[in-house]
Amino acid sequence: MTLVAATYTIALRYTRTSDKELYFSTTAVCITEVIKLLLSVGILAKETGNLGRFKASLRENVLGSPKELMKLSVPSLVYAVQNNMAFLALSNLDAAVYQVTYQLKIPCTALCTVLMLNRTLSRLQWISVFMLCGGVVLVQWRPAQATGVVVEQNPLLGFGAIAVAVLCSGFAVLASVGGLYTSVVVKYTDNIMKGFSAAAAIVLSTIASVMLFGLQITLTFALGTLLVCVSIYLYGLPRQDTTSIQQGEPASKERVSGV
């Protein structure tokens, strides 16, 4: 997941800032979804084992469930907007700046879960959310400049594109999984490892940006990146289980009253 996140950002940034004729971002997004569709069909075929069961599974879960299909079309449309915004953002922002700023999806998703799903966040999670926002503000205060990029860029447009992508991410995460590799990470690891992966991707993107695009790291960028990485780690820490403490309180009170 770390390599995918870092490589995707660097490769996209490299292809969007070359002096050659640019490709259509919508075409790239469409090809990506087609590849994911083919991979998903291949995985389903392997799980079902034979052609008969494969057809039956498609009829039952896809053709036979039009309402569920319509529900899934909503996050699919949101993801399409989000992916196109990523192309627009990386055409106007450095890969490292994008990687750090895009972590605003964490507080956006947190707010969506609180407002839409009535879930609660721990005090440490709220602190980490505000810390992450502060880190992004520092990164955007004086954005690091890439001397190796000669194409014209609009940082304000890039930040606006990230803002739209973040809002789309926060909403879409509530309805579906963000990718095939994310599913594997969620299944076999925990939130701490996932947060470490995001922080490692930021570091790798920064190193690659320095080497490939001549990124000049400023003090505010370094401090902001550090705050974002620490906040990601803190947000993923498991909550303290207070059930045993609460269950033990009456017994302790009885002992005190008995004394």
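Start by selecting Thr206: at 10% relative accessibility, this residue counts as buried, where buried means under 20% relative accessible area, exposed over 50% and partly exposed in between, with a 1.4 Å probe and protein chains only. Thr206 sits in helix H10; helices (H or I, at least four residues) and strands (E, at least two) are DSSP runs, numbered from the N terminus. Before you go on, note that this is a predicted model, in which local features need pLDDT of at least 70, side-chain atom pairs count only at pLDDT 80 or more, and totals for chains, interfaces and linings use all residues. Residues are numbered from 1 along each chain as its sequence is written, and side-chain values use heavy atoms, without hydrogens and water.

Now show the neighbours of Thr206. Leaving aside residues up to four places away in sequence, Thr206 touches Ala96, Leu215, Ile217 and Phe221, a contact being heavy atoms within 4.5 Å.

Next, click on Ile207, also placed in helix H10, which covers residues 191–213. Buried or partly exposed, what is Ile207? With a relative accessible area of 45%, Ile207 is partly exposed.

Then move to helix H2 (residues 25–48) and helix H3 (residues 51–63), whose axes come within 8 Å and cross at roughly 120 degrees. Axes here are lines fitted to C-alpha atoms, for helices over the stretch in contact, and angles run from 0 to 180 degrees between N-to-C directions. That angle makes H2 oblique to H3: under 35 degrees is roughly parallel, over 145 roughly antiparallel, 65 to 115 roughly perpendicular, and the rest oblique.

Show side chains at this crossing. Val41, Leu44, Ala45 and Thr48 in H2 meet Arg53, Phe54, Ser57 and Leu58 in H3. The residues of this contact divide into five nonpolar, two polar and one charged.

Finally, zoom out and colour by secondary structure. The protein has twelve helices and two strands, running from the N terminus as α-α-α-α-α-α-α-β-α-α-α-β-α-α. Of its 259 residues, 35% are buried. Among contacts between residues at least 6 apart in sequence, 86% join residues at least 24 apart.

Conventions
Ala, Val, Leu, Ile, Met, Phe, Trp, Tyr, Cys and Pro count as nonpolar, Asp, Glu, Lys and Arg as charged, and the others, Gly among them, as polar.
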